[in-house]
Amino acid sequence: MEAGFRMAGACLHRARIRGKEGGMQYLWKEKVNRLCIILLTLLFAGSATCWTQELKASPAYQSGATPGEVEDWNSLLLADGELTPERPLLGEKDELPQFTRELLQVKWRQGDPIDLYVIRPKAVIYPPVILYLYSYPSETDRFRNDDYCARVTKDGFAAVGFVSALTGHRYQNRPMKQWFVSELPEALGSSVHDVQMILNYLSTRSDVDMSKVGMFGEGSGGTIAILSAAVDPRIKTLDLLDPWGDWSDWMAKSELIPEEERPNYLKPEFLKKVATFDPVQWLPRLNSRQVRIQQVMDDSVTPKAAKERIESVAPGVAQVVRYDSTRDFFGAVSEGRIFQWSKEQLKPAPLKPPAIQAAQKPGVRAVESGRD
């Protein structure tokens, strides 16, 4: 590489000297300059190609881990020392009348920094905390919205927002054919690890109550919430909206899957690979948690068969609410009402069950959980 640069530099130097010898040398100078430019271009292209080939051949690139570090996505429980966090970086801090919002960058994998929003209510020293994780595809825009932040912190609750792996700003430097579903073990496994690492970080702060932790998850975020709660007892309350799951039915009928790719996800080897991450296996184990499952019946990302299967294995303590349509759903949960259930569960005093409240609204039905 260095020899190539020296050769190119020599060419340019000779061109300058010959250019001084007079007009007869002008054409020669132009030819040499063009030759040197072509040579430099080839050198840069060749070095970039070699670097890319070396990177793709390395185990770190293939596994998504840093060199010398192995993250086992098939194990939902994060082993001690498996991921080492770097010191969080504060990007910005906003002080508003109702809340304080911090944007932090947290990182425990090479090439995968996470934008983490910690939003705390004013005048509450030690608030309970709720994690918010929305479905693929999603961005962090809502966590910068002042009205949203006012709603999630209302009544004295802290909110922590982020996006899952292979989503939003965390999808980078990957071939376009690789996306959340094609890399589902990585997307779910690493995101479950992220939840544990985020809770570890929050435990180092003195401004949130880690004895009262809830999680709101929508779609794939609901799946990650179920898997996370199954291995991390710090999560006491789960509010799930249309969680993905029951992979054989979900892969066969979900509107999210491109038809040309669907056969790949119905192969026995793929379904076997993602079986560990099926919330149908883990949801029944959450009898000691407070769980609500909300299903919007005209949502086609999670097909009806998968919704029914998830409901059938819900623990006996779970509250299951069905909305006949998206319109009914928004009518029941608008203006921040969707967040109230988790807050009520984290309060010490028992309140009226929200499933009964929801059943009083047209198009909304409370249903029995599938397990006694």
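## Salt bridges

The structure holds 20 salt bridges, a salt bridge being a side-chain nitrogen of Lys or Arg within 4 Å of a carboxyl oxygen of Asp or Glu. This is a predicted model, in which local features need pLDDT of at least 70 and side-chain atom pairs count only at pLDDT 80 or more, whereas totals for chains, interfaces and linings use all residues. Residues are numbered from 1 along each chain as its sequence is written, and side-chain values use heavy atoms, with hydrogens and water left out.

| Asp 94 | Arg 101 | 3.1 Å |

Helices (H or I, at least four residues) and strands (E, at least two) are DSSP runs, numbered from the N terminus. Both Asp 112 and Arg 170 are buried, where buried means under 20% relative accessible area, exposed over 50%, and partly exposed in between (1.4 Å probe, protein chains only). These two residues also belong to a network of salt bridges that links Glu 71, Arg 109, Asp 112, Arg 170 and Asp 194.

Asp 94 counts as partly exposed because its relative accessibility is 23%, whereas Arg 101, at 6%, counts as buried. Asp 141 is partly exposed at 48% relative accessibility, and Arg 144 is partly exposed as well, with a relative accessible area of 41%.

The protein chain comprises 14 helices and ten strands, and 48% of its 372 residues count as buried. In H4, the buried residues are Tyr 148, Cys 149, Ala 150, Val 152 and Thr 153, and the buried residues of this helix pack against S2, S3, strand S4 (128-133), S5 and H13. At the start of H4, a side-chain oxygen of Asn 145 reaches to within 3.0 Å of the backbone nitrogen of Asp 147, while just after the helix Asp 155 takes a positive phi of about 70 degrees.

Lys 343 lies in helix H13 (residues 340-346). Which side chain of opposite charge is nearest to Lys 343? It is that of Asp 155, 4.8 Å away, and Lys 343, although buried, has no salt bridge; for charge, Lys and Arg count as positive and Asp and Glu as negative, His and the chain ends not being counted. The side chain of Lys 343 does reach the backbone oxygen of Val 152 at 3.4 Å. Leaving aside residues up to four places away in sequence, Lys 343 touches Ile 130, Arg 151, Val 152, Thr 153, Lys 154 and Phe 157, contact meaning heavy atoms within 4.5 Å.

## The second largest pocket

About 600 Å³ of space lies in the second largest pocket. Of the 28 residues that line this pocket, the closest to its centre are Tyr 134, Glu 218, Leu 241, Phe 329 and Phe 330. A pocket is found on a 1 Å grid over the protein atoms alone, as an open set of points where a 1.4 Å probe fits, with protein on both sides within 12 Å along at least five of seven lines, and lining residues have an atom within 4 Å of a point. Grid points are joined across faces, edges and corners, and the volume is the space filled by probe spheres set on the points. Helix H4 (146-153), strand S6 (209-218) and helix H12 (326-333) each supply at least two residues of the lining, and the largest share, four residues, comes from H12.

Conventions:
A polar contact is a pair of N or O atoms within 3.5 Å; within protein, one must be able to donate a hydrogen and the other to accept it, and residues adjacent in sequence count only if both atoms are side-chain atoms.
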